[in-house]
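Could you walk me through this structure in the viewer, one selection at a time? I would like to know what to click on next and what is there.

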Amino acid sequence: MALSIDATNWQGSSLIESDMAMHVLGDTGNPQLSLGTMNVVEEEELLQEWDTLLNVQTQVLGGREAAWLESKGFGASRGVLEVGSASGRYGSFLARGFPHVDIFGLEANPHLARRFDRIADAPPNYRIHLGKIGEDPLPTTLEGRFDACILRFVLQHVSNPACVLRAVHDVLPPGGKIYVIEEDLTFLTTRQDWLPFRVVRDAWLKVTAASGTDGLIGAKLPALVQEAGFVIDDFDITLRNNVEMGAGFGDFMVSALRVFRRTMPDLVTDHEVRAAVAGFESSRADHTNRHVATYPQFLLTATKKASGISL
Ligand SMILES: C[S@@+](CC[C@H](N)C(=O)[O-])C[C@H]1O[C@@H](n2cnc3c(N)ncnc32)[C@H](O)[C@@H]1O
């Protein structure tokens with residue numbers, strides 16, 4: 001049976017503007033530092049889907065991010081704390097790209113952290129430690145070992161990003177740097193007629209809203225980081241698109257959709273997944289030369305004030 005989604009009947013909601021989204025996303029009263037979507041990542045199939053997604057994301061996005069990090073002085077750090085390592089795909093990539101920097105991963109979810117052991121060629125300057133920053137004390141073995149911290153795709157997955165940022169501020173030495181990389185679904189756009197991407201976008205919005213995390217965090221980063229006590233050094237917005245991202249763009253979107261489906265099967269149907277996969281597959285050649293979608297990245301660096309200096 002051919003799978004298709006009819007554009008005229010497509011119910012993909014613009015959840016971003018809906019009451020439900022505003023209620024969940026606007027709820028700043030949540031006292032728990034929960035991990036939102038990633039709180040439930042435990043069963044083997046979901047762990048595998050996450051690992052695939054994080055691997056694809058690293059391959060598709062990592063090169064440009066590393067160039068940006070390099071231009072902002074990342075390579076000059078003596079040690080970097082990577083908060084939210086998951087299975088260590090991105091941390092391993094960074095450690096290979098910056099072989100003179102010790103990268104100390106810190107991951108709250110032990111099931112994800114354990115998958116790191118399966119990365120055969122893990123670089124020697126990268127290890128993952130267990131801990132939830134903002135709730136647990138920093139492992140004592142990490143004290144004094146780093147002067148910078150990176151958070152990539154972490155703040156969008158927690159219910160209280162301000163708490164995480166304050167905790168990062170506390171563990172950094174004065175003058176320490178923070179590097180933050182996030183997305184913002186406001187800028188995840190597509191043509192009306194390009195259905196596979198619309199399915200992914202809609203699933204993304206629904207799952208984010210339902211898990212009580214903020215999919216629109218990118219544009220809010222400067223205010224959040226400043227409130228945690230940092231001085232902003234740079235804030236860059238990069239709008240990428242399906243053509244320059246090449247075939248990896250479809251792989252990225254499909255693997256994100258599989259994660260959403262497995263995370264919230266009540267919100268994302270199997271039919272939607274199969275239709276989107278078939279749609280990406282059949283338009284593989286086409287979507288590498290027609291501009292049909294944008295993908296946003298928000299990149300910020302900031303510094304913890306040296307004590308005693310008033311600005
Ligand atoms: C989407 S993954 C990103 C992994 C990696 N940074 C990357 O870019 O591939 C986010 C990870 O952050 C972890 N995390 C969220 N809050 C955390 C906290 N407070 N302390 C440590 N890890 C946290 C989650 O468990 C999850 O594994």
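**The whole chain.** Keep in mind that this is a predicted model. Colour it by secondary structure and you will find 10 helices and seven strands. Of the 311 residues, 44% count as buried. Among contacts between residues at least 6 apart in sequence, 82% join residues at least 24 apart.

**The sheet.** Now select the strands. Seven of them make an open sheet with mixed pairing, and the order to follow across it is E3-E2-E1-E4-E5-E7-E6. Strand E3 (126–130) and E6 are the edges: each has a single partner strand, so one side of each has no neighbour in the sheet. Direction ignored, neighbouring strands are turned by 20 degrees against each other on average.

Zoom in on strand E1 (residues 79–83), which runs parallel to E2 and is joined to it by five bridges.

**The ligand.** Stay with H3 and E2, and show the ligand. Helix H3 (89–97) and strand E2 (102–107) each supply at least two residues of the shell around the ligand. That shell has 23 residues, and the closest are Gly84, Ala86, Tyr90, Ala108 and Arg152. Colour the shell by residue class to see 14 nonpolar, five polar and four charged residues.

**The core.** Which residues of the largest nonpolar core touch the most other members? Select Cys149, Val225 and Leu257, out of a core of 77 residues. Helix H6 (residues 195–210) gives this core its largest share, nine residues. In soluble globular proteins, nonpolar side chains tend to be buried together.

Centre on Cys149 next. Beyond its neighbours within four places in sequence, Cys149 is in contact with Val80, Leu81, Val83, Val168, Leu172 and Ile178.

**Asp236.** For the last stop, go to strand E6 (residues 230–241) and pick Asp236. Is Asp236 exposed or partly exposed? Asp236 counts as partly exposed because it has 13 C-beta neighbours inside 10 Å. Leaving out residues up to four places away in sequence, Asp236 touches Trp68 and Leu299. Draw a distance between the C-alpha atoms of Asp236 and Trp68: they are separated by 9.5 Å, although the two residues are 168 residues apart along the chain.

Conventions: Residues are numbered from 1 along each chain as its sequence is written. This is a predicted model: local features need pLDDT of at least 70, side-chain atom pairs count only at pLDDT 80 or more; totals for chains, interfaces and linings use all residues. Helices (H or I, at least four residues) and strands (E, at least two) are DSSP runs, numbered from the N terminus. A residue is buried if 20 or more other C-beta atoms lie within 10 Å of its own, exposed if 12 or fewer, and partly exposed in between; C-beta atoms are placed from the backbone. Two residues are in contact if their C-beta atoms, placed from the backbone, lie within 7 Å. A nonpolar core is a set of buried Ala, Val, Leu, Ile, Met, Phe, Trp, Tyr and Cys residues joined through C-beta atoms within 7 Å. A residue is near a molecule or strand if its C-beta atom, placed from the backbone, lies within 6 Å of it. Ala, Val, Leu, Ile, Met, Phe, Trp, Tyr, Cys and Pro count as nonpolar, Asp, Glu, Lys and Arg as charged, and the others, Gly among them, as polar. Two strands pair if DSSP finds at least two bridges between them. Axes are lines fitted to C-alpha atoms, for helices over the stretch in contact, and angles run from 0 to 180 degrees between N-to-C directions.
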